Amino acid sequence: MKLVEKVSRIQGALKAPKGQTNNFGKYKYRSAEDILEAVKPLTMEHGLILTLSDEIVEVSGRIYVKATARLTDGEAELKTTAFAREEESKKGMDSAQVTASASSYARKLALCGLFALDDEKDADATNKGEQAVEKQQKPIEEIVKPELVEGL
């Protein structure tokens, strides 16, 4: 079975409900960890390896975390990327925590793109109460640009 067929089956079977609750904003959401917990058994079942990586990039003087989600069967690779902007500072967080927060959010977006998870009603679309968090987590762009590389 080709990689795209395996991914199609995983996308059809994957259930990653929004099991987290933001009590302040009164909305449900899913985290990157929630997606990974749900998808790992499916990738193992189909003999695929999922990896996540981050790169720090500067765009117009602002720092972004560019996350890449890669799925491979050893012969072909499918990957998606997504960006999340770091705030210069966030009350109650040191700089490492700010970067980690942007990384987690960018990884979630990349995973959503790779596995066709709909985040339409996520915090970014509905949250009006946490402007600072919304600003920090709003991606420069959500790139749902799968790249299939044959013959690794």
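This briefing covers the salt bridges, nonpolar core, strand pairing and helix packing of the structure above.

The model is predicted: local features need pLDDT of at least 70 and side-chain atom pairs count only at pLDDT 80 or more, whereas totals for chains, interfaces and linings use all residues. Residues are numbered from 1 along each chain as its sequence is written, and side-chain values use heavy atoms, with hydrogens and water left out. Helices (H or I, at least four residues) and strands (E, at least two) are DSSP runs numbered from the N terminus.

**Salt bridges**

- The count comes to 2 salt bridges, a salt bridge being a side-chain nitrogen of Lys or Arg within 4 Å of a carboxyl oxygen of Asp or Glu.
- Asp-54 and Arg-107 form a salt bridge with an N to O distance of 3.1 Å. Asp-54 lies in strand β3 (residues 49–59) and Arg-107 in helix α3 (residues 95–114), so this pair ties together parts that are 53 residues apart in sequence.
- Asp-54 is partly exposed at 34% relative accessibility, and Arg-107 is partly exposed at 25%; the term covers values between buried (under 20% relative accessible area) and exposed (over 50%), with a 1.4 Å probe and protein chains only.
- In the salt bridge of Arg-70 with Glu-77, the closest N and O atoms are 3.8 Å apart. Arg-70 is partly exposed at 25% relative accessibility, whereas Glu-77 is buried at 14%.

**Nonpolar core**

- A nonpolar core is a set of buried Ala, Val, Leu, Ile, Met, Phe, Trp, Tyr and Cys residues joined through side-chain atoms within 4.5 Å.
- The largest such core has 31 residues, and those with the most contacts inside it include Leu-14, Leu-50, Leu-71 and Phe-115. Helices α1 (3–13) and α2 (32–45), strands β4 (62–72) and β5 (76–85), and helix α3 each supply at least two residues of this core; α3 gives the most, with 8 residues.
- Leu-71 is in contact (heavy atoms within 4.5 Å) with residues including Leu-3, Val-7, Leu-78 and Leu-114, not counting residues up to four places away in sequence.

**Strand pairing**

- Strands β3 and β4 run antiparallel and are joined by 11 bridges; two strands pair if DSSP finds at least two bridges between them.
- Glu-55 has Lys-66 in β4 as its bridge partner.
- β3 and β4 form a hairpin with 2 residues between them, and Ser-60 in the turn has a positive phi of about 50°.

**Helix packing**

- α2 and α3 pack at an angle of about 40°, with their axes 8 Å apart.
- The contact involves residues including Ile-35 and Leu-36 of α2, and Arg-107 and Leu-111 of α3.

Methods
Axes fitted to C-alpha atoms, helices over the stretch in contact; angles between N-to-C directions.
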